[in-house]
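Hello,

Here is the structure I promised to pass on to you. My notes on what turned up in it follow below.

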Amino acid sequence: MKKEVHILLTALQFFTRIPCAKWIDHHPEYLTKSSKYFSLIGILVGSISAVTYSIAALLFTTDIALLLSMVASIYTTGAFHEDGFADVCDGFGGGWTKEKILLIMKDSRLGTYGTVGILLVLALKFTALRAIDTTVIPLTLIAGHSLSRAIATTLIYTHPYVRDTGDSKSKPAAKSMTTTMLLISMGIGCIPLLFFRSPWIFCTLIPMYLSKVFLGAKFNRWIGGQTGDCAGAVQQVSEVIFYLSISALWKYM
């Protein structure tokens, strides 16, 4: 039990900016196993976003409440996954060889592709959530964050890690995913769906996973696998797909 708590806190420290005990670090042994709690961290981040929205909605318009909820989630994670998505946009937008793509993704500077990409993905999140019934937005935020992280773990499971450098903190988390770890992540990720009114909500998993298949094929074609940035990109895209799916299907549920 103590070891599992250590692994969970390692995931919390790695995937968020929430302070942890000083004895928690990025030790590879625990970081490798932390991905199974990726979805649980998503529930936490989504809950923070949902609570922020609910409180802000009492004081401001829905638009302002949504923007504040997005600010809360980004602040909580330190834009961890948004940064990965932007790096992928820059890398695959400006690179034409595996080496060049990986080099660009490692560069901390933000380019044109990354800037345009992150602005569009944030705009899509906002407009998709804005089109959803306000009563279900908090639950949608929690489910979107948890499910998208579950989908991201499937990329780690199906695609090999390709960056050879050993100086990346994300390498252990992005390199190993056993079947048991994947099932734990998917099981936790689906928990919020149980609180929706209709079982048809589970249909949203189809377009979310298809987005991962599409991106995974692109990653395989150009770099032969995935990196931590690629998993971040899958998380961001599948989160948007979930919100868009809810927006499109809500009137039928």
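This is a predicted model: local features need pLDDT of at least 70, side-chain atom pairs count only at pLDDT 80 or more; totals for chains, interfaces and linings use all residues.

Buried, in these notes, means under 20% relative accessible area, exposed means over 50%, and partly exposed is in between (1.4 Å probe, protein chains only). Residues are numbered from 1 along each chain as its sequence is written, and side-chain values use heavy atoms, with hydrogens and water left out.

In one of them, the side chain of Glu82 meets that of Lys125, at 3.7 Å from N to O. Lys125 lies in helix H7 (residues 112–130) and Glu82 in helix H5, so this pair ties together parts that are 43 residues apart in sequence. Helices here are DSSP runs (H or I, at least four residues), numbered from the N terminus. Lys125 is buried too, with a relative accessible area of 4%, and a network of salt bridges links Glu82, Lys125 and Glu239.

Another bridge joins Lys36 and Glu4, at 3.1 Å from N to O. Because Lys36 lies in the loop between helix H2 (28–33) and helix H3 (38–59) and Glu4 in helix H1, the pair ties together parts 32 residues apart in sequence. Lys36 is buried at 10% relative accessibility, whereas Glu4 is partly exposed at 27%. Arg109 and Asp107 also form a salt bridge, at 2.7 Å from N to O; here Arg109 is exposed, at 63%.

On to the aromatic rings. Rings of Phe, Tyr and Trp (its six-membered ring) pair if their centres lie within 6.5 Å; planes under 30 degrees apart count as stacked, over 60 as edge-to-face and the rest as tilted. The whole structure holds seven such pairs. Phe14 and Phe80 form an edge-to-face pair, 5.3 Å centre to centre with 70° between the planes. Phe14 sits in helix H1 (residues 2–15) and Phe80 in helix H5 (residues 80–94), 66 residues apart. Phe14 is buried at 7%, while Phe80 is partly exposed at 26%. The rings of Phe92 and Phe219 have centres 5.3 Å apart and planes at 45°, so that pair is tilted. With Phe92 in H5 and Phe219 in helix H11 (residues 205–223), the pair ties together parts 127 residues apart in sequence. Both Phe92 and Phe219 are buried.

Lastly, the cysteines: with a disulfide being a pair of cysteine sulfur atoms within 2.5 Å, the count is zero. For Cys203, the nearest cysteine sulfur is that of Cys190, 12 Å away.

How values were computed:
Helices (H or I, at least four residues) and strands (E, at least two) are DSSP runs, numbered from the N terminus. A salt bridge is a side-chain nitrogen of Lys or Arg within 4 Å of a carboxyl oxygen of Asp or Glu.
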